[in-house]
Amino acid sequence: MAKVHPTEPQVSGPCSMSSAGKETFTIWMKSLVCHTNGCTVFDSKGQIVYRVENYDTKGSSEVHLMNLHGHVLFTILKKKLQILGCWNGYRGNFTGRKKEKPSFQVKKYCRILRGDLVCEVRVGFNKYFMVSLGRKKQGFKIVNSGGDIIAEVMQKQLPTGMVLGDDVLTLEIEPSIDQALTVALVLVYGLMSRRL
């Protein structure tokens, strides 16, 4: 039986920042809990590092990104009354009681001529974009305002060339990038495209 995680191990430290080299993760767009929506993220050694257990309906307006032990790293909330879609991400378990500025905000745009999904991401004063790889290729990339790729998501392909199902993805993150934040952005993209 084929494994869903990469075969060549890479060093993955306990911190949330990627190390000196590119980090590779496998995202399985399924929950480990039966009959719930969510996803599970494995590191290059096949260990679970992040998970989402969404006990509500698919496309929920509130999602929690957790580590393996269930500690909430990000609370992701959909803003109400937004035509194209807008999501706010808060570090930790956000209750909404106090007026707190989001750690990141994602706004959905659509290129009319090409039909690609494009999202603008704001993290503090920094701006990023999530751009689909096109209709034929499943996946997208996250680029900074200068156009440099900081992360890329694509359908998982085994070393033999076999492509796994639509629900198994590979996430590659460039060095010195916040991994938990990047996974949270991937979740928002999944929510916007109704995959989560």
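**View 1. Strand β2 within the predicted model.** Five of the six residues of strand β2 (residues 37-42) are buried, so this strand is largely enclosed by the rest of the structure. Buried denotes under 20% relative accessible area, exposed over 50% and partly exposed in between (1.4 Å probe, protein chains only). Strands (E, at least two residues) and helices (H or I, at least four) are DSSP runs, numbered from the N terminus. The model is predicted: local features need pLDDT of at least 70, side-chain atom pairs count only at pLDDT 80 or more, and totals for chains, interfaces and linings use all residues. Residues are numbered from 1 along each chain as its sequence is written, and side-chain values use heavy atoms, with hydrogens and water left out.

View 2. Strand β1 (residues 23-28) runs antiparallel to β2 and is joined to it by three bridges; pairing requires at least two DSSP bridges between two strands. Trp28 lies opposite Thr40 in β2. With strand β3 (residues 48-54), β2 pairs in the antiparallel sense over six bridges, and Val41 faces Tyr50 in β3.

**View 3. The β2-β3 hairpin.** Five residues separate β2 and β3 in this hairpin, and Gly46 in the turn has a positive phi of about 90 degrees.

**View 4. A stacked aromatic pair.** The structure holds three aromatic pairs. One of them, Tyr90 and Phe94, is stacked, at 3.8 Å centre to centre with 5 degrees between the planes. Rings of Phe, Tyr and Trp (its six-membered ring) pair if their centres lie within 6.5 Å; planes under 30 degrees apart count as stacked, over 60 as edge-to-face and the rest as tilted. Both Tyr90 and Phe94 are buried.
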